[in-house]
Amino acid sequence: MGNGVRNRGERAGSAGCEAAGPGVGPFQARMELLAGRALPAPARMAAPPATNENVRKSMRGNKRADTRPELVMRARLRAAGLSGYRLQWKVPGHPDVAWPGKKVALFVNGCFWHRCPHCNLSLPKSNVEYWVVKFARNVERDEQSRAALEALGWKVHVVWECQLKKKTIDATMAKLLPALAEELGKELAAGSDGRPG
């Protein structure tokens, strides 16, 4: 886990599925079991006003999908011959990249919003109370999504934005791509290090 690319592929047993009642399939039973464990959603705090116009523009410019790190990751996956994935698949956490048939999920997390363990980022200096709650909720949601996917038998990988920078991307891909290829039962493209050609 020291490299930051997480893989938790242990399969969850069917224990507890019987509790959902007779005539309920294993998938439905697991979903009901997971739903029963879910914590209530915390009350939403209203976002504080931006401290200046530049901050406001910057925050509005943040995209939910197709971010630069996601695009870089997808280019590397295609170059390595690991295509056939789906985007924002409709399972817990909506993984950025997923291979539903193989139950393999890949999250590309932004360091600021998901609180990267490698970057040791400081909190914003204004509206600290809001940001503490916001970041705690993001981290908790990430953990719940990962746990829910693993309970459904998915293998989950998490790659951080900082691991896709020029200085670190090759090392990240050298560890990630062979693991993905094995889980997907695919061969990496000949001589591929995942670099787009």
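A: Begin with strand E3: six of its six residues are buried, so E3 is largely enclosed by the rest of the structure. The strand covers residues 104-109. Val-104, Leu-106 and Val-108 point one way from E3, while Ala-105, Phe-107 and Asn-109 point the other way, and all are buried. This description, like the rest of the answer, concerns a predicted model.

Four strands form an open sheet, in the order E1-E2-E3-E4, with mixed pairing. At the edges stand strand E1 (86-87) and strand E4 (155-160); each has a single partner strand, so one side of each is left without a neighbour in the sheet.

Now take the two neighbours of E3 in turn. With E2, strand E3 runs antiparallel, and three bridges join the two. Ala-98 stands opposite Ala-105 in E3. The hairpin of E2 and E3 has four residues between the strands, and in this hairpin Lys-103 takes a positive phi near 55 degrees. With E4, strand E3 runs parallel, and six bridges join this pair. Here Ala-105 has Val-156 of E4 as its bridge partner, and Leu-106 has His-157 of E4.

Helices also lie across the sheet. Helix H3 (residues 68-79) lies across E1, strand E2 (97-99), E3 and E4, and runs at about 140 degrees to E3. Helix H6 (residues 169-184) lies across E2, E3 and E4, and its angle to E4 is about 160 degrees.

H3 can be checked for length. Its 12 residues, at 1.5 Å a residue, should span 16 Å, and the end C-alpha atoms are 17 Å apart, which agrees. The buried residues of H3 are Pro-69, Glu-70, Met-73, Arg-74, Ala-75, Arg-76 and Leu-77. An α-helix has 3.6 residues a turn, so residues three or four places apart point the same way. The cover over the buried residues of H3 includes E1, E2, E3, E4 and H6. Just after H3, Gly-81 takes a positive phi of about 85 degrees.

From there, turn to the aromatic rings. The structure holds seven aromatic pairs. One of them is formed by Tyr-85 and Trp-99, and this pair is edge-to-face, with 5.9 Å from centre to centre and 85 degrees between the planes. The pair links distant parts of the chain: Tyr-85 is in the loop between H3 and E1, Trp-99 is in strand E2, and they are 14 residues apart. Buried means under 20% relative accessible area. Tyr-85 therefore counts as buried at 13% relative accessibility, and Trp-99 counts as buried at 4%.

Another pair is formed by Tyr-130 and Trp-131: their ring centres are 5.1 Å apart and their planes are at 80 degrees, so the pair is edge-to-face. Tyr-130 counts as buried at 13% relative accessibility, and Trp-131 is buried with a relative accessible area of 11%. Both rings belong to one aromatic cluster, formed by Phe-112, Trp-113, Tyr-130, Trp-131 and Phe-135. Arg-115 lies over the face of Phe-112, at 5.7 Å from the ring centre. Arg-115 also lies over the face of Phe-135, at 4.0 Å from that ring centre.

To return to the strand: E3 is joined to E2 by three bridges and to E4 by six, and H3 and H6 both lie across it.

Conventions:
Residues are numbered from 1 along each chain as its sequence is written. This is a predicted model: local features need pLDDT of at least 70, side-chain atom pairs count only at pLDDT 80 or more; totals for chains, interfaces and linings use all residues. Side-chain values use heavy atoms; hydrogens and water are left out. Two strands pair if DSSP finds at least two bridges between them. Contact means heavy atoms within 4.5 Å. Axes are lines fitted to C-alpha atoms, for helices over the stretch in contact, and angles run from 0 to 180 degrees between N-to-C directions. The expected span of a helix is 1.5 Å times one less than its number of residues. Buried means under 20% relative accessible area, exposed over 50%, partly exposed in between (1.4 Å probe, protein chains only). Rings of Phe, Tyr and Trp (its six-membered ring) pair if their centres lie within 6.5 Å; planes under 30 degrees apart count as stacked, over 60 as edge-to-face and the rest as tilted. A charge sits over a ring if NZ of Lys or CZ of Arg is within 6 Å of the ring centre and within 35 degrees of the ring normal.
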